[in-house]
Each structure stands twice: as structure tokens, then as C-alpha cells.
Amino acid sequence: MVVVVFRSRLAPEAGADYAAMADEMLERARAAPGFVSFHHYEAADGERLALVHWQDEETLALWRDDVRHRLAQRRGREAWYAWFD
């Protein structure tokens, strides 16, 4: 099993378009081969943490290379996240 840890803070500009894409990405991930689970936490100060479990490196690579997921990543860098790692 592989675990992806994604820490982030949303930018003030992240709005309904972010929420719609986040919902779409979760739906796509859940339907993807090798997806195991998703857990999301948010601290009182706005820091966010997502833990995503994948079956193995191969299925994670398929998700990483998903065209729509790549678009969401680009939009995240451009407009939705104040920071992430």
C-alpha cells in the first residue's frame, strides 16, 4: 500500500470552482483502479491534510497521470492554494 500525504492551505480566491473540482477529483479517484481510501482533516487555522491510500505505486502512477487530475493540479497551483506540499 502507498499513502499520499497532501498538506495545503486554500487561497482566499478558492471558491465554488475549487469545490466543484475537488468533488470531481474525489469521485474520479474513488473510481480509479487501486484506490483504497481518502481521509481529509482541517485545522482551526485553515491548514488542511489529506491522506490518500493507493494499492501500489503502479495505480498511484495511473492517477498521477490522469489528464483531468493534471488539469486540477495546474489550477491548484495557479489559483486555489496559498501553499501546498
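I began with R74, which is partly exposed, with a relative accessible area of 41%. The model I am reading is a predicted one.

I then looked up the partner of R74. The side chains of R74 and E78 form a salt bridge, with N and O 3.7 Å apart. Both residues belong to helix 3 (residues 67-80), and because they are four residues apart there, about one helical turn separates them. E78 counts as exposed, at 53% relative accessibility.

I next asked how many salt bridges the structure holds. I found 11. Among them is the one between R7 and D85, whose closest N and O atoms are 3.4 Å apart. R7 lies in strand 1 and D85 in the segment after strand 4, so this pair ties together parts 78 residues apart in sequence. R7 is partly exposed, at 32% relative accessible area.

I also recorded a salt bridge between D65 and R64, at 3.4 Å from N to O. D65 is partly exposed at 43%, and R64 is partly exposed at 40%.

I turned to strand 1 (residues 2-10), which runs antiparallel to strand 3 (residues 48-54) and is joined to it by seven bridges. In this pairing S8 stands opposite R48. Strand 1 also pairs with strand 4 (residues 81-84), again antiparallel, over three bridges. Here R9 stands opposite W83.

Leaving aside residues up to four places away in sequence, T59 touches P33, G34 and W54.

How values were computed. Residues numbered from 1 in each chain as written. Predicted model: local features only at pLDDT ≥ 70, side-chain atom pairs only at ≥ 80, totals over all residues. Heavy atoms only, no water. Pairing = 2+ DSSP bridges. Helix = DSSP H or I, 4+ residues; strand = E, 2+ residues; numbered from the N terminus. Contact = heavy atoms within 4.5 Å. Salt bridge = Lys/Arg side-chain N within 4 Å of Asp/Glu carboxyl O. Buried < 20%, exposed > 50% of the residue type's maximum accessible area, 1.4 Å probe, protein only.
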